[in-house]
Amino acid sequence: MATVEEKASPHVVLFPFLAHGHVPAFLRLADLLRARRPGLEVTLVSTPRILGTLSLPPASSPPLRLHALPFSPADHGLPPGADSLADIQVHQFITFFQASESLRPAFEEFLSGIVTSSRSAPLCVVSDAFFGWTADVARANGASHAVFLPGGAFGNAVFFSVWEHLPHARTDADEFPLLPDFPGITLHRTQIPRYMLPATGADPWSAFFRRVAASCRDTGAILVNTVRELEPSCLDMLRRSFGAPTWPIGPVLAAPAPSDDDAGIIQWLDAHPPRSVLYVSFGSQNSITADKMRVLARGLEASGRPFLWALRPPLGFDAKGGAFRAEWLPAGFEERAARAGTGMLVRGWAPQVRILSHPCTGAFLTHCGWNSVLESLSAGVPLLGWPLGAEQFFNAKLVVEEWGVCVEVARGNMESSAVGEEEVAEAVRTVIGETEKGGEMRRKAAAIARAMADAWEEPGGSAAESLEGFLRSVETSVRRDAQL
C-alpha cells in the first residue's frame with residue numbers, strides 16, 4: 001500500500017466516510033482534481049480494509065496515494081471487520097457513527113507528520129461531512145479545509161435541519177413546516193426516517209448529527225455533488241445553513257467498468273425492446289422487509305413489464321452470509337419470470353451504471369440514494385421512488401415535486417408505508433408505459449441528462465467553472481497564509 005513520502009510538495013488529503021456510496025465519489029473527485037492540476041499530490045485516507053478493496057486506475061504521475069488509519073470495529077461492540085455501513089444492520093448505525101470518531105487521533109498524527117516531513121502544510125483537507133471534525137485538525141496544522149457532500153443540496157440541507165430542530169417532535173400533526181430554517185418547506189411524518197422519529201435532542205443520534213452540523217460550520221467551503229442549474233435555491237439553503245461558500249461540482253460519477261461477470265445481464269437486456277425494462281435496486285446497504293418484498297414481486301409480475309431486480313436479503317437478515325430463502329418471494333415467482341423471459345433476478349451487486357445506460361432500460365425503481373438518482377438521470381432514465389432512510393426521503397421529494405421525474409411508490413419500511421401490489425403495478429405501467437405522464441417524465445429526465453453533461457463541458461460548464469473557482473480560492477488562501 002502506498003504511503004505519503006517525505007516530499008516538500010503541497011497536496012490534497014481526501015477523507016471519505018466509511019460507506020459504499022461515499023468512497024467512490026471521493027475517488028472520482030481525486031481524478032477531477034488531478035485533471036485540473038496535473039502533478040497535484042492527492043492522498044486518500046481510510047481504513048486498511050476499505051483501501052484494500054479499491055480498484056485504482058492505471059498508475060499516473062504522481063500516483064494516487066493511500067494512507068490507512070487503524071480501525072477496530074470490535075473495540076466498539078461492532079462485528080469484526082465491519083469497516084463500512086454495508087457490513088452492519090440499521091440498529092447498529094449509531095454505534096458505527098460514534099466508532100468512526102475514534103479515527104481522530106490517528107488522523108491528527110498523520111496530518112502532523114505531513115507538515116513535519118514536508119516543512120509545509122498540505123494544500124487542503126477535503127473531508128466527508130461525517131468527518132467534519134477534521135476542520136479543527138486542519139486548522140491546527142495550518143491547512144485549509146473543505147467538506148465534500150456526495151449527496152445533493154436539498155437532501156443535505158433538509159436532513160441536517162431536521163436533526164437540529166426536530167420539527168416532528170414539536171407537533172402531533174402528520175404534516176408540519178420545517179421550522180425555523182426553511183419555513184416554506186412542509187414535511188410529512190412518513191418522510192422522517194425511523195431512527196429520527198423518537199429523537200429528543202438528548203439522544204445519541206441527535207448528539208452525533210448536531211456535532212456534524214457544527215463541524216461543517218467551521219469549514220472554509222462546501223463542495224456539493226449537484227448541478228448549479230438544477231438546484232440553485234437548494235444551494236442557497238445550504239449556504240444559509242452552514243455559512244460557507246458552496247461549490248456545485250456535480251455530477252461526480254464513476255465511469256462504468258465493464259466486467260466479464262456482466263455478460264449475462266447485458267445479453268438479457270439486449271433481448272428486450274428499447275425503454276421496456278424496469279431496473280430495481282435498493283442500493284448497497286438498504287433493503288425492504290420480507291412481506292414488502294413479496295408485495296413488490298407480485299406487483300412487478302402484475303405490471304406485465306420486464307424487470308431486472310438486484311436482490312438483497314430483506315431487512316433484518318444478514319446481507320453477506322447465508323443462502324437466499326425461497327419464502328422471501330412468492331412461490332414460483334423467479335421460475336415463472338425466467339421461463340417467460342420477463343424477469344431476471346441478480347443476487348447482490350449488479351453493474352448499475354451499465355444497466356441504466358443500456359437503451360432497453362426504461363425506468364429505475366430505487367431507494368433514492370443520491371448516487372442512484374444521479375446515475376439514472378444522467379442516462380435520461382426516470383424513477384420510481386421507494387425511499388428507506390437518511391436523506392432519501394428528501395431526495396424523493398425533490399425529484400417528485402420539483403423535477404417531475406419520479407413517481408413515489410412507497411416510503412420506508414414502517415407499517416404506515418403499506419403498499420399494495422396493484423399500486424406497484426400501476427406505478428410501473430405509468431412510468432414505463434406509453435402514457436402521457438410517462439412521456440413527460442422521460443422528456444424531463446432527458447433535459448436533466450443534458451444539463452448534467454453540459455455542466456462539465458469546456459469551456460463554460462458550471463461544474464468545471466465551480467471546481468476551478470474552488471481550487472483558485474484554496475490556492476489564494478495558501479499563498480496568503482504563507483506570507484503571514
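1. Strand β5 is covered on both faces: Ser144, Ala146 and Phe148 on one side, and His145, Val147 and Leu149 on the other, are all buried. That makes six of six residues buried in β5 (residues 144-149). Buried here means under 20% relative accessible area, with exposed being over 50% and partly exposed in between (1.4 Å probe, protein chains only). As for the split into two sides, side chains in a regular strand alternate between the two faces of the sheet.

2. A word on the basis: this is a predicted model, where local features need pLDDT of at least 70, side-chain atom pairs count only at pLDDT 80 or more, and totals for chains, interfaces and linings use all residues. Residues are numbered from 1 along each chain as its sequence is written, and side-chain values use heavy atoms, leaving out hydrogens and water.

3. Now the sheet. Seven strands make an open sheet with parallel pairing, in the order β3-β2-β1-β4-β5-β8-β9. At the edges sit β3 (65-68) and β9 (246-248), each pairing on one side only. Neighbouring strands of the sheet are turned by 25° against each other on average, direction ignored; the axes are lines fitted to C-alpha atoms (for helices, over the stretch in contact), and angles run from 0 to 180 degrees between N-to-C directions. Strands are DSSP runs of E with at least two residues, helices are runs of H or I with at least four, and both are numbered from the N terminus. Two strands pair if DSSP finds at least two bridges between them.

4. Two of the pairings in detail. β4 and β5 run parallel and are joined by five bridges, and Cys124 stands opposite Ser144 in β5. Strands β1 (residues 11-15) and β2 (residues 41-46) also run parallel, with four bridges between them; His11 has Glu41 as its bridge partner in β2.

5. On to the rings: the whole structure holds 34 aromatic pairs. One of them is Phe97 with Phe130, edge-to-face at 5.4 Å centre to centre and 80° between the planes. This pair links distant parts of the chain, 33 residues apart: Phe97 is in helix α3 (residues 93-100), and Phe130 is in the loop between β4 (124-128) and α5 (134-140). Phe97 counts as buried because its relative accessibility is 4%, and Phe130 does so at 13%. Rings of Phe, Tyr and Trp (its six-membered ring) pair if their centres lie within 6.5 Å; planes under 30 degrees apart count as stacked, over 60 as edge-to-face and the rest as tilted.

6. Tyr195 and Trp205 make a stacked pair, because their ring centres are 4.2 Å apart and their planes are at 10°. Tyr195 lies in the loop between β7 (182-188) and α7 (204-216) while Trp205 is in helix α7, so the pair ties together parts ten residues apart in sequence. Both residues are buried.
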